[in-house]
Amino acid sequence: MLLFDEMRSDGATRAPYAGVEGWLDDIGLSLLDLRSKEAEALFRRIGITFAVYGEGGDPERLIPFDLIPRVIAAAEWERLSAGIKQRARALNAFLYDVYHRREILRAGRIPSRLVTQNDAFLPEMIGFEPPGRVYSHIVGVDLVRTGPDDFFVLEDNCRTPSGVSYMLENREIMMRMFPDLFEDGLVRPVDGYAADLRRTLEEVAPPACKQDPQVVVLTPGPFNSAYYEHSFLADSMGADLVEARDLYVQEGRVWRRTTRGPEVVDVIYRRIDDDFLDPLAFRPDSALGVPGLMHAYLSGGVTIASAPGAGVADDKAIYTYVPEMIDFYLGEAPILPNVQTFKCSEPDDLSYVLDNLRDLVVKEVAGSGGYGMLVGPRSTEAEVEAYRARIEADPEDFIAQPTLDLSAAPTLASGKIVSRHVDLRPYCLVGKQIRLTPGGLTRVALREGSLVVNSSQGGGVKDTWVLSKES
Amino acid sequence: MLSRTAANLYWTGRYVERADATARLLAMGARMTMLPGAATRGDWQSVLQTAGVPLPEDGLTGRREAIEALLLAPGGSSIKACFEAARSNGRAERTALTSLMWEALNDDWRALEVVNVAAASQSLPDHIDWAHRRAATFRGATETTMLRDDRYDFLRLGGLIERAAMTLRLLDVKYLALLPERDVVGGGRDLYQWTSLLLASSALRAYHHVYRGDVKARNVADLLLLNRAFPRAVALCADEAGAALDRLAGRYGQRHDCHDRANALCETLRNADTDTIFSDGLHEFVTETLDDVLALHSAIAEAYGF
């Protein structure tokens, strides 16, 4: 398979990138390089950083921002958008099912053990009716591209996908630095996201809420790596940013301590893991969390978004069955295909994987963040053999995928424009309605040849443009 | 507003003010030690005592030790530690600050990490200016961009309490450390020390403007304690803290113990005059007032749940 370059293919510039190419020609490399440094200074100044403690050096780091936008044509987005929304509906339908009648397991479409023996499965949630039957209110769908019409879903994030603040701030910075680029209105705006998120959360207010829903964002605190994002989202929604110690449960409802005395909380957009929600329910040894929160939630006193236990839909073993879900619950054909995936839990797949390790990407079923994976073609013999031993010891913990030739986009590196691999994470909001901001977060692997785009592994980000229909 | 937000804003205000006051102390120390007779006076000891820094056991404190303690020491009340604490309180309340205010806290915040004592000593005036500028930028951004809501009042309360306490501490050190022997009051050495005190509160010009003439102990005390035209006067800080608390009471429809305490403090300072203060003992008046200010701090924290 040939590498697909999103800007140039077959020696010609692809239509969606015409504007970007004109801009690059006008601005010239040296000015672009200069502007790139200005952008970095802006990010640092505004405080758009992620925290890395305990590694020495700067405790607050920047995610490298590449100035050259990644462009998606109107028609391309139309298909992506339909596919993402379809997936978000199916994933929520699946979550409702596994905590109720489990039809899909009884029908034998998904092996029961993948659900019931899943660490993210919460028996407490069985039979509970979350408002609007929504479990995953913010679904991050990671997409990769290998050709003009070939988009694949790489994974789903049903718990608390992060990075949306970069989607918004990248655009802010671009509009601030290059206002001309946006003058003709060809790029669809993204700044409606915060209002959409707020509406989504208000739509899932609990039964006990009788007035305007009070929404808060729950953060682990300033030392969390994504703290900037938490405060950014709270601020843009006009919601309080709370830590667990600001909340308490009384008479079945959740209250926050304020300078006026206690005030009620209806919807909690939590950016903490299930384990740390409620020490009474999950981790008695933990000082974190709000004692009694689960009880208040299960009795309809508060809504937690995403719902506890929503993670059962997004691990890498369940992922392989999402096309089944789309067929089973929606009666539709998947608009966006999965990447072909081998389940090491199945003997045939396992022997194929072990025979072809050098050509595959192998991932831990419960892993995330680009850690703990094997990229076969780019690993040493010793790394491959060490990984082989791990797979053989616990085959059920691994899946494998062919190494995809991810599409590449023009990227500025040491004063030159080079081609670097990119992916895309759109953020789909699920309340009474499903809302999707055009675009998402484009992550770019800054190291030459690297396929890993995670920020923890040296990835950067780009502004993502979805062009409006007129273009 | 969350009680934690109120606390973080209050402490942001306090730490910025403390950094500013500490810079002023450093400037005072540096200036005093350039005057004749510095070797025998122990000026840096007095300065450290005012800042509440424990003196080394051998009692030897020179320029290097003072710069270390007041400018660079991690933790404690060095300028670096104060700005870091202010920033980290502000960072936790990023949403409660305007972007200009945040930038004032965030810009250049690690500048002192690369500075060592020797380098700092070489360019001390630059570092002092840097500290004043940062504090001034933050206050300016606050004044011009922050909504006048309860957040503003908590931020301001922190600054006012710190400012009042710092002025009082300065005055007290005058009696405890600079001048243990009362019999020399009014002597040449005494004049010199009162002048330093004015310098430490950036008040020398203000003094000449208001009182025109030689530096007299009584006038200095009047300026720093009671003259509401002077921005760091304790009486003005108390009045403004009282006003901020009244606005909070109006907004929340609730009065607390801290409101009574603030009123009582304002009342005391309104009825005070320098004649009585000096005949009853300046030290006693200053200590009692400092106790009242610290008690007011605790009462505010209790009333608003932090």
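Predicted model: local features only at pLDDT ≥ 70, side-chain atom pairs only at ≥ 80, totals over all residues.
**Exercise 1. Domains of chain A**

Determine how chain A is divided into domains, and describe the contact between them.

*Solution.* 
Step 1. The domain assignment places residues 8–336 and 404–466 of chain A in domain 1, and residues 342–402 in domain 2.
Step 2. Taken over C-alpha atoms, the centres of domain 1 and domain 2 of chain A are 27 Å apart. Domain 1 of chain A brings 15 residues to the contact, and domain 2 of chain A brings 17 residues.
Step 3. Between them the two domains of chain A bury about 1,300 Å², with 51% of this area on carbon and sulfur atoms.
Step 4. The interface of domain 1 and domain 2 of chain A has 0 salt bridges, while 2 residue pairs are in polar contact there.
Step 5. On the side of domain 1 of chain A that touches domain 2, helix 10 (residues 316–319) gives the most, with 3 residues. That side of domain 1 of chain A consists of 7 nonpolar, 5 polar and 3 charged residues.

**Exercise 2. The interface of chain B and chain A**

Describe the interface of chain B and chain A by its residues, buried area and polar interactions.

*Solution.* 
Step 1. In this interface, 23 residues of chain B are in contact with 27 residues of chain A.
Step 2. The buried area between chain B and chain A is about 2,100 Å², and carbon and sulfur atoms give 42% of it. Within chain B, the residues that lose the most area to chain A are L2(B), R4(B) and R91(B), which together account for 33% of what that side buries.
Step 3. Two kinds of interaction are then counted: 2 salt bridges and 11 residue pairs in polar contact.
Step 4. R4(B) forms a salt bridge with D246(A), at 2.4 Å from N to O.
Step 5. The side of chain B that touches chain A divides into 9 nonpolar, 4 polar and 10 charged residues.

Key. Residues numbered from 1 in each chain as written. Chains lettered and ligands numbered in written order. Heavy atoms only, no water. Domains from an automatic or database assignment. Contact = heavy atoms within 4.5 Å. Buried area = accessible area lost by both parts, 1.4 Å probe. Salt bridge = Lys/Arg side-chain N within 4 Å of Asp/Glu carboxyl O. Polar contact = N/O pair within 3.5 Å; in protein donor to acceptor, adjacent residues only side chain to side chain. Helix = DSSP H or I, 4+ residues; strand = E, 2+ residues; numbered from the N terminus. Nonpolar A, V, L, I, M, F, W, Y, C, P; charged D, E, K, R; others polar.
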